[in-house]
Amino acid sequence: MIEENVSLPRIHYLNSHYGWKSWLFTTDHKRIGLLYMISITLMFFLGGFFALLIRLELLTPQADMFNADTYNKFFTLHGVILVFFFLVPSIPATLGNFLIPLMIGAKDVAFPKLNLLSWYIYAIGSLFTLWVVAVGGVDTGWTFYTPYSTTFANTHVIAATLGVFFTGFSSILTGLNFIVTIHKMRAPGLTWFRLPLFIWSLYATSIIQVLATPVLGITMVLIAVERFARVGIFDPALGGDPVLFQHMFWFYSHPAVYIMILPSLGVVSELISAFTWKRVFGYKFVAVSSLMIAIFSFIVWGHHMYVSSMSIYAGMLFSILSYLVAVPSAVKVFNWTATLYKGSVSYDTPMLYALGFIGLFTIGGLTGLFLASMGLDRHLHDTYFVIAHFHLIMVGGAVMGYFGGLHYWWPKMFGRMYPEWWGRLSALIVFVGFNLSFFPQFIIGYLGMPRRYHVYAPEFQVLNVMSTAGSSILGVGYLLPLVYFIWSLRYGKVASNPWMAKGLEWEAASPPLPENFLEQPVVTEEAYNYPIRPAQPTRHTGRLTSGLAQPADTTGKGREAEVV
Amino acid sequence: MAHETTPHNEHLANGQGHAHHSISPATCLLVFAALVIGTVATVWTASMDLGVLNTPVALSIAVAKATLIILYFMHVLYSKWLTRMVVIGSFFFLIVLFGLTFADYLTREKTPEIPSLYSSDPILKQQ
């Protein structure tokens, strides 16, 4: 990070209009991104609160705080809120909304009004879920498996599924908007293989959102149809099949894992490049691997269903197909590692999150291969091994990527820096807390402790205590950024491009102007064309006091001249 | 990423618009007539017992009608390659959903019976 001597532009998207209407009726992609950010932050801490309650209950083998029904509701709400209302919209709807037009040199997304509509639909879905929380919860698990959600449902299943149904439409509209924006609104000269890898990853994510989410919507409607109209779809007594629900649910929900992780993979590509001051090794392979992951994600869902009475032949097919996903995922990890080689690596907060991500994502991915194996899955299915595996992907992967991206683009979004020392401390606390939370779960899962029980055998207590202690540390790690980000909005040092990063978004003012660029940028080179790094960057005497975007230098000489 | 600058509106004027192809009334009527015939055929075949062909015949008529609507009324026949690719891609993933789901349903009956652990192991059998 370098010290900058810059001032905020006189007019930017944050101060161009005032009043609540200027926010709630805005069609500016940047403001909509912030609306999403505030909403998902609320949901993040609500879902995290339920996680802490779960971990507190598991501190001892007996039921100390809650009975079984209450515990069922807590883990269900934890999953529903964090999967559908935080992880799915997290990076695409916040960072994606904010950055895609800036990164491709456009004034806005292709359909700005549709963009605002998607936030309102998300808000309606969230309100349904909050209503469910207020009136007594839902206890089916986040997967809404039949017959829990149909024959034996005695909680607010319909309201919860309606919430998920609504937020699914929000996700579809966001994906559709991004696909059209990336296809039609790229700046002149910005060819596909000049696009930042974050854009590639969001493009792949959008394809999944548009293709898979409707199936989730249909499945949620079918549950309601069966419950209200007694049409036999999932209930054997009516001629239905409960396993059909799992097929339909996982046709969405497995690709949904990639809706959550692919944007993070894109963020990490950006971070690795910016903080090694190098072009990403094997750019084209990393770009295409995002699409490969998106496509493969549609053909592997059956690995969630080996013990569901699914045919073993289908199981064998899904097992083989599941291994395929490891290939493009490994391409990314190997290429990031190769990028680090001989890079000018700096360990600022975003890079700490990125490095943490690589390690955790690798372990999360490799343990996924255990679960893709039919024989081993018999032993590990529905144990804490599975919980640890998917939390490594969803929290160690997706959330780490989101936090890394948030720290990286924070000065771009608000023109101010967060306190770097606190940022590094929080990254460290998150990493330690996360590992302490979830590594013990691999062991207790392997030893046979099943998920979704609030009582357990006494021999598992030590590892459960470690896990609960870790989750408390993790909670502190997540609260710290909330505090210092809010603090930085007023007191943070004014910054423009403290990382000296490349990319069109860094050519715009910080915070960006309402129209992003005063003139249409024309791109003449690929992303990540970093020059040789200046020897000891100490102070950036830069530009952008007037809010005008300035053309970048291609040689790096100009940038070196800025460094005193 | 280096860039030069051009006025914004100049870029927006280039390649952002697209022409709409209009279908002649005669074509519309022909497609409409085909759809009506298809609907009559659906009702007619539903009243007949075609044995194992019941479902394939009904689905074939439905697919034919859907194809006409997609090609003509949704203008896919006159659209750019990208739009066509989106439509084909969507159907591809629908086939994936059905195909892999049926990989389960069509092979469930063929699953071999797993011999009981107790019946095959003499020590366990004694216990």
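**Helix packing and backbone geometry**

Analyst: α7(A) and α13(A) are oblique to each other. Please note that the model is predicted.

User: What is the angle between α7(A) and α13(A), and how far apart are their axes?

Analyst: The two helices pack at about 45°, and their axes are 8 Å apart. Angles of 65 to 115 degrees count as roughly perpendicular and those under 35 as roughly parallel, so this pair is classed as oblique. Helix α13 of chain A covers residues 384-414.

User: Is the crossing of α7(A) and α13(A) left-handed or right-handed?

Analyst: The crossing of these two helices is left-handed.

User: Which residues of α7(A) and α13(A) meet?

Analyst: From α7(A), the residues are V257(A), M260(A), I261(A), P263(A), S264(A), V267(A), V268(A) and L271(A). They meet I393(A), M394(A), G397(A), A398(A), G401(A), Y402(A), G404(A), G405(A) and Y408(A) of α13(A).

User: And how many nonpolar, polar and charged residues does that contact have?

Analyst: The contact of α7(A) with α13(A) has twelve nonpolar residues, five polar ones and no charged ones.

User: Changing topic to the backbone: which peptide bond involving P147(A) is cis, and where is that proline?

Analyst: The cis bond joins T146(A) and P147(A), with omega about 5°. P147(A) is placed in the loop between α4 (112-135) and α5 (157-184) of chain A.

User: What about the bond from S510(A) to P511(A)?

Analyst: That peptide bond is cis, with omega near -5°. P511(A) sits in the loop between α16 (504-507) and β2 (520-523) of chain A.

User: What is phi at R230(A), and where does the residue lie?

Analyst: Phi of R230(A) is near 55°, a positive value in a residue other than glycine. R230(A) belongs to the loop between α6 (197-229) and α7 (242-276) of chain A.

User: Is R230(A) buried or exposed?

Analyst: R230(A) has 10 other C-beta atoms within 10 Å, and 12 or fewer counts as exposed, so R230(A) is exposed.

User: Then K342(A): what is its phi, and where is it found?

Analyst: Phi of K342(A) is near 60°, again positive in a residue other than glycine. K342(A) is in the loop between α10 (326-340) and α11 (349-372) of chain A. K342(A) is exposed, because 9 other C-beta atoms lie within 10 Å.

User: Lastly, chain B: what are its domains, and how far apart are their centres?

Analyst: Chain B is divided into domain 1 (24-74) and domain 2 (77-106). The C-alpha centres of domain 1 and domain 2 of chain B are 20 Å apart.

Key: Residues numbered from 1 in each chain as written. Chains lettered and ligands numbered in written order. Predicted model: local features only at pLDDT ≥ 70, side-chain atom pairs only at ≥ 80, totals over all residues. Domains from an automatic or database assignment. Helix = DSSP H or I, 4+ residues; strand = E, 2+ residues; numbered from the N terminus. Buried ≥ 20, exposed ≤ 12 C-beta atoms within 10 Å, placed from the backbone. Axes fitted to C-alpha atoms, helices over the stretch in contact; angles between N-to-C directions. Parallel < 35°, antiparallel > 145°, perpendicular 65-115°, else oblique. Left-handed = near helix turned anticlockwise from the far one by under 90°. Contact = placed C-beta atoms within 7 Å. Nonpolar A, V, L, I, M, F, W, Y, C, P; charged D, E, K, R; others polar.
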